[in-house]
Amino acid sequence: MTENHLSTDIIEFLERPSTKNFLFAARKFVELLETTNIIKKIFYLKTHTALLDLYLAGHKLEQIELKYAVERKGFKREVEFENKNANLIAKLGAKALYWDVFNPTQLEDNEAAIQGWLVDDFADIYRDLKVELIKIDNIGTDEAVEKALWRFKWGFTNHWGNHCISALRCFHYLNYDGKQIV
């Protein structure tokens with residue numbers, strides 16, 4: 001991405017510490033999932049830390065106001081997105097499954113637990129982050145960068161953030177409840 005062609009307000013938003021920290025954490029998570037030659041135990045330990053960093057950075061990321069973004073058909077998600085996820089999390093086997101409740105704060109619904117799957121969590125987080133990083137890196141217009149930054153925060157609140165917290169809860173028990181991942 002070349003910041004020379006971006007508006008001053010977009011550049012200023014990109015230079016904020018919360019934005020820089022988030023982009024660093026998002027890139028680190030995507031890079032980790034795309035790594036093919038890594039020892040399984042190291043991968044799981046780094047993944048747990050990367051999820052923690054990503055969640056905190058997503059929480060602290062400020063919401064950008066949409067000024068330039070308009071509905072366009074120019075970015076084709078399926079064409080532009082190349083899935084390079086090495087899917088190493090699938091090697092956990094049965095440990096990749098866990099019990100979850102969609103919203104544990106809605107007690108009146110008496111919602112039953114469902115089975116969660118780390119493979120799905122990681123795939124959704126990866127895709128949500130990677131698509132927006134592609135927009136920033138490859139398109140780099142005010143509209144694309146602004147919309148990507150907006151979708152990062154929206155996704156944290158409404159989609160990938162939920163997957164992240166579910167995966168973190170599972171990893172916490174895998175790592176600290178005597179069930180060691182590897």
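Predicted model: local features only at pLDDT ≥ 70, side-chain atom pairs only at ≥ 80, totals over all residues.
View 1. Strands (E, at least two residues) and helices (H or I, at least four) are DSSP runs, numbered from the N terminus.

**View 2. The pairing of E1 with E2.** Strand E2 spans residues 114–117 and pairs with E1 in the antiparallel sense. The pair has 4 bridges; pairing requires at least two bridges found by DSSP. Tyr-98 has Gly-116 of E2 as its bridge partner.

**View 3. The largest nonpolar core.** This core holds 48 residues. A nonpolar core is a set of buried Ala, Val, Leu, Ile, Met, Phe, Trp, Tyr and Cys residues joined through side-chain atoms within 4.5 Å. Buried means under 20% relative accessible area, exposed over 50%, partly exposed in between (1.4 Å probe, protein chains only). H5 (118–139) gives two or more residues; its share, 10 residues, is the largest. Phe-22, Leu-118 and Leu-129 have the most contacts inside the core.

**View 4. The surroundings of Leu-129.** Contact means heavy atoms within 4.5 Å. Leaving out residues up to four places away in sequence, Leu-129 touches Phe-22, Ala-26, Phe-29, Val-30, Leu-54, Phe-152 and Trp-160.

**View 5. Helix H6 and its cover.** Buried residues of H6 include Ala-148, Leu-149, Phe-152 and Phe-156. Their cover includes H1, H2, H3, H5 and H7.

**Notes.** Residues are numbered from 1 along each chain as its sequence is written. Local features need pLDDT of at least 70, side-chain atom pairs count only at pLDDT 80 or more, and totals for chains, interfaces and linings use all residues, while side-chain values use heavy atoms, without hydrogens and water.
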